[in-house]
Each structure stands twice: as structure tokens, then as C-alpha cells.
Amino acid sequence: MSHSRSDFRVSVVQFEARPSDKSANVATVRRLAAEAARDGAELVAFPEMCLLGYWHLTKVTTQRLRELAEPADGPLVQALRDLATELGVGIGAGFLESAGESLYNSYAVCFPDGTVHVHRKLHAFEHEAISSGDRYTVFDTPWGVRMAILICWDNNLVENVRAVTLMGAKVLIAPHQTGGTSSRSPHGMKVIPSELWHNRAIDPDALLAAVNGPWGLGWLMRWLPSRAHDNGIFLLFSNGIGPDDDEIRTGNAMIIDPYGRIVAETPVADEAVVTADLDLDLLPLSTGRRWLLGRRPELYGVLTQRSGLERDAREARHSDIPVPDDFQITG
């Protein structure tokens, strides 16, 4: 669907979710969504798994996960639907989905007309009982702007962003729980000391320097804007902030345009709502979108071939095993 308007006002949110406390997290979503709506936002994107909390789920039993999970038509998503209708805005938020015997790290986007789109994280690594999704989530919206959802690590694999762009997405909702993670890579993310968060009232500058440093904003700037630029797509980055079990999330909520430029971002290491107008007229001639016309799909068969070294998301994310020096796909 081509857009028939020149601007679209959106908000991205960062907040500290309370572990397993659905009612408290829904109340926070309600409060911050209302704030965004008062500022004219038509769509408000909250973080990954924010209705339940995130990193503590890696350490609970499968039985406990099943107790916390809900179907896509359960009370949590219904609360989002009701709130979207009440405020007259689109609202996206993450939850733990149950579907039969399967569990998914999922994200629901609810529109004021009652429509709901649910994405299941394609590369779920949190818990052996949480399965990965198997399809892209791209959809038309009441505002005439086609959108997609990719959750956290989904965005790190470049093929996913290119795929949803080729499926017509103009805006990518990219909810995360990241920053301050202990990466296996020597020059990847590292843990942010918890005392920086707990001492933030005394020394706020130290915390701000950390979340904007190499383990937070600095890490994101190595790759996140290029996802938007190289595909000619708007990117809405929401994230947790503060303690997430034994890690400190870095926030850095931002809105990125199709040239990879930051349109708006938060200046604080605290709960925040970041709002901006998307200039949709930037899309047609954006560098990455024009590059799409130069593609040579006949050369890209290698992208769909298996190397034999593929690992599931949990092993790939957590393994210390290096990629072999002679890694290659021939054909």
C-alpha cells in the first residue's frame, strides 16, 4: 500500500519492567501511552517482553513460563486492544505467548479499530522452552503505512530487515531488551556495573556515560542505523532501561529515518517517551530504497543455502565456539 500522507507521528518508549508483575507493567504502559497520545502520537512502541519482564525468564522453570504465558487473545493483549481503542492510537508491546504446547517471545501491535498483529521472535534464545517463530510479520495499517515487526536479535541478522523491506514495509517496529549484555565477542557488549544504576541519584553523569558508551549507544551505532539506511526504512527502536535481573539495560530509545539519521532520541538514563514526526516523503528517493532497484537476485542463491554449521538461536547466541576460519558456502 502506498502512503497518501506526508507525515506520521510516532513514539518509542523505554521503561523498567517489573518481573512477572503483569498488572504493574500494564499500568505503566497505560500511563506512558496516554502521555504519548497527549503529544499527538498515532503509534506508540514499547519494548520487548515489557508486559512481563525479560531476563529473569531465562532462569525460571518451564512450568513457571507456562503459568506466565497467555494466548494472543488472552487478557494481556485484550488490555492493549482496549487501551488502543480508548486512546485512539496504535500500541505495541511484548509478552510471552502460549500457543498449544508452544511458547513464544511475542509482540502485539493493536490498532484503535481492534485489529491485532502478533509477531513471534524468529531467533529466540532466552529459554529452551521458548520456541522461535517461523514467519515474517508485515501488515498494512489504518494510516496507509505498511509496517513490520522484528524483535531484538531478529534485527541483528541483516537478511530479516531486507526481507520485510522487500515485503513492502516502510516502518520497522524494533522492540528490544539490550545493552549491558555480556557478549561472547571480545569487542561486543559488556556488562554495565549495577552500582552505576543504584548510585544514579548521587552520580547521574556516570550512569549516563555508561549507557551512552560502548556497551549501550556506542554499540547500537555500529549497526542499527545501517539497518534503516541500507533498506530505506524508518526504524522505531524501543528498549528496557535499568535493572533486568542481573543486567542493566541501557535504554537509548530512538527513531531513525530511511537515511540512517536519528530523528529523535532520549537524553536520559531513565523512563522516557521519545516522539517524532516521520517525514514519509523521504522514502521514495532514500539511498537504500533506490539501491533495491539495483538488486541482482540471480546472484543471491547462496543466501538460502545451508552451510552445515547452523546452530539454533540459543546455541548461536550463548556459545563460546568460534566460527571456523574456513567457513564458506560453495555452490
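**View 1. The hairpin of β10 and β11 in a predicted model.** Strands β10 and β11 form a hairpin with two residues between them, and aspartate 245, in the turn, has a positive phi of about 60 degrees. Strands (E, at least two residues) and helices (H or I, at least four) are DSSP runs, numbered from the N terminus. The bridge partner of isoleucine 241 in β11 is threonine 250. The model is predicted, with local features needing pLDDT of at least 70 and side-chain atom pairs counting only at pLDDT 80 or more, while totals for chains, interfaces and linings use all residues. Residues are numbered from 1 along each chain as its sequence is written, and side-chain values use heavy atoms, with hydrogens and water left out.

**View 2. Strand β10 and its other partners.** Strand β10 covers residues 234–244, and because 10 of its 11 residues are buried, it is largely enclosed by the rest of the structure; buried means under 20% relative accessible area, exposed over 50%, and partly exposed in between, with a 1.4 Å probe and protein chains only. Strand β1 (residues 7–15) pairs with β10 in the parallel sense over two bridges, and asparagine 239 in β10 is the bridge partner of glutamine 14. Parallel pairing also links β9 and β10, over five bridges, with leucine 172 opposite leucine 235 in β10. Leucine 235 also stands opposite isoleucine 256 in β12, a strand of residues 254–256 that pairs with β10 in the antiparallel sense over three bridges.

**View 3. The surroundings of threonine 250.** Threonine 250, found in strand β11 (residues 247–250), counts as buried because its relative accessibility is 1%. Its side chain is joined to that of asparagine 252 by a polar contact of 2.7 Å, a polar contact being a pair of N or O atoms within 3.5 Å, where within protein one must be able to donate a hydrogen and the other to accept it, and residues adjacent in sequence count only if both atoms are side-chain atoms. Leaving aside neighbours within four places in sequence, the residues in contact with threonine 250 include Thr178, Ile192, Trp215 and Asn239, contact meaning heavy atoms within 4.5 Å.

**View 4. Helix α4 and what covers it.** In helix α4 (residues 158–166), the buried residues are Asn160, Val161, Ala163, Val164 and Thr165. Among the elements covering these buried residues are β7 (137–139), β9 (171–175) and α8 (224–231). Just after α4, glycine 168 takes a positive phi of about 105 degrees.

Key. Two strands pair if DSSP finds at least two bridges between them.
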